[in-house]
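Okay, thanks everyone for coming. I'd like to walk you through one model today, so let me get it up on the screen.

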Amino acid sequence: MNEATASSSLPQGVTIEPRRMAFQAVEGKPRYWHPVVVFTHLLTAASLFFPEGERFFVRSVQNYAPGIADPDLRRDIAGFMQQEIIHGEEHERYNNDVAAQGYPYLIRLERYLVKGLFANMRRFTSRRAQLALTVCLEHVTATLAAALLKYPQLMEDADPVYREIWSWHAVEESEHKGVAYDVYAAVGGSYWLRVSTLVWSSLFFLSLVLFVTARMLATDGILFKRETWRQARAYARERTAIFKHVGGWFIEFFRRDFHPWQIDNRAEIDAWKRQQGVTAP
Ligand SMILES: [Fe+2]
Ligand SMILES: [Fe+2]
């Protein structure tokens, strides 16, 4: 390991700040918090993977933390771990609240499928492969986060509480997006391992998220309703340019000299912080 060359990539003006937000329970909130039903369930399905996934991310970075000498990178790792632990707790509550709205199997899926999945990854794959998976899933979350912050029209007309939860998470994902990557680089992680991991993991998790989304639509009795898909198509069509732009960020990862902060969204992070400052009591 070449710990001596490891350093923090955190750009000027960014701090990795864990924030306890104390969101209200989602109980009593609209079943479809986003006007597009498929979008509502897609994000809930993604949320189902967060609590266990984020604990997995923390452990896979923690495995290498003792060998990191650079004080700035050590500070970033500590901030990253604290943020992810709080995200896990918030999304656990989010998931429980949604499950109580008539999707009780979400709890079982989380308990057995998601937990089993990450437990097996820890058991049967190397620490380096686990860190590579963390780097890739952090890229997926950072890309989604940058999209939600840059394009508020993705969330327009959404319930304000949910919008707040997703914006807060998106800001913190952005703040710590370089940490797992820097640790991976510090321990000499290879280009091929990271890009091959991105290919299989994004396809694999996308399939699982689509499966959960379809299951929830089936519960609502609207999986095969033409209106469900007409609405989703209309929403996507109006935002084609956004999706193309975001897709471009996603594939940047395949460049050999990629780094998460090449997609610089400091302006959006600062805008959120300013807004919090204005609206704080
Ligand atoms: Fe997170
Ligand atoms: Fe993260």
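**Loops and helix packing**

Let's begin with Asp-157: it has 10 C-beta neighbours inside 10 Å, so it counts as exposed. Keep in mind that this is a predicted model. Where is Asp-157 found? It sits in the loop between H4 and H5.

H4 covers residues 127–150, which is 24 residues, and from its first C-alpha to its last it reaches 34 Å. That's close to the 34 Å expected at 1.5 Å a residue. Is H4 mostly enclosed or mostly open? Well, 19 of its 24 residues are buried, so H4 is largely enclosed by the rest of the structure.

On to the packing. For two packed helices, we talk about the angle between their axes and the distance between the axes. H4 and H5 pack at about 125 degrees, with their axes 8 Å apart. That angle makes H4 oblique to H5, and the crossing is left-handed. If you want to find the contact on screen, look for Thr-141, Ala-142, Ala-145, Ala-146, Leu-148 and Leu-149 on the H4 side, and Trp-166, Ser-167, Ala-170, Val-171, Glu-173 and Ser-174 on the H5 side. By type, the residues of this contact come out as 8 nonpolar, 3 polar and 1 charged.

H5, residues 160–175, also packs with H2, residues 71–99. Here the angle is about 160 degrees and the axes are 11 Å apart. That makes H2 roughly antiparallel to H5, and H2 passes H5 in a left-handed crossing. Which residues meet? From H2 we have Gln-83, His-87, Glu-90 and Tyr-94, and from H5 Ile-165, His-169 and Glu-172. This contact divides into 2 nonpolar, 3 polar and 2 charged residues.

Last stop, another loop. Phe-253 lies between helix H9 (240–251) and helix H10 (266–279). Is Phe-253 buried or exposed? It has 21 other C-beta atoms within 10 Å, and the cut-off for buried is 20 or more, so Phe-253 is buried. Setting aside neighbours within four places in sequence, Phe-253 is in contact with His-139, Leu-198 and Phe-258. As for Asn-96, its C-alpha is 33 Å from that of Phe-253, and the two are 157 residues apart along the chain.

Methods:
Residues numbered from 1 in each chain as written. Chains lettered and ligands numbered in written order. Predicted model: local features only at pLDDT ≥ 70, side-chain atom pairs only at ≥ 80, totals over all residues. Axes fitted to C-alpha atoms, helices over the stretch in contact; angles between N-to-C directions. Helix = DSSP H or I, 4+ residues; strand = E, 2+ residues; numbered from the N terminus. Parallel < 35°, antiparallel > 145°, perpendicular 65-115°, else oblique. Left-handed = near helix turned anticlockwise from the far one by under 90°. Contact = placed C-beta atoms within 7 Å. Nonpolar A, V, L, I, M, F, W, Y, C, P; charged D, E, K, R; others polar. Expected span 1.5 Å × (residues − 1). Buried ≥ 20, exposed ≤ 12 C-beta atoms within 10 Å, placed from the backbone.
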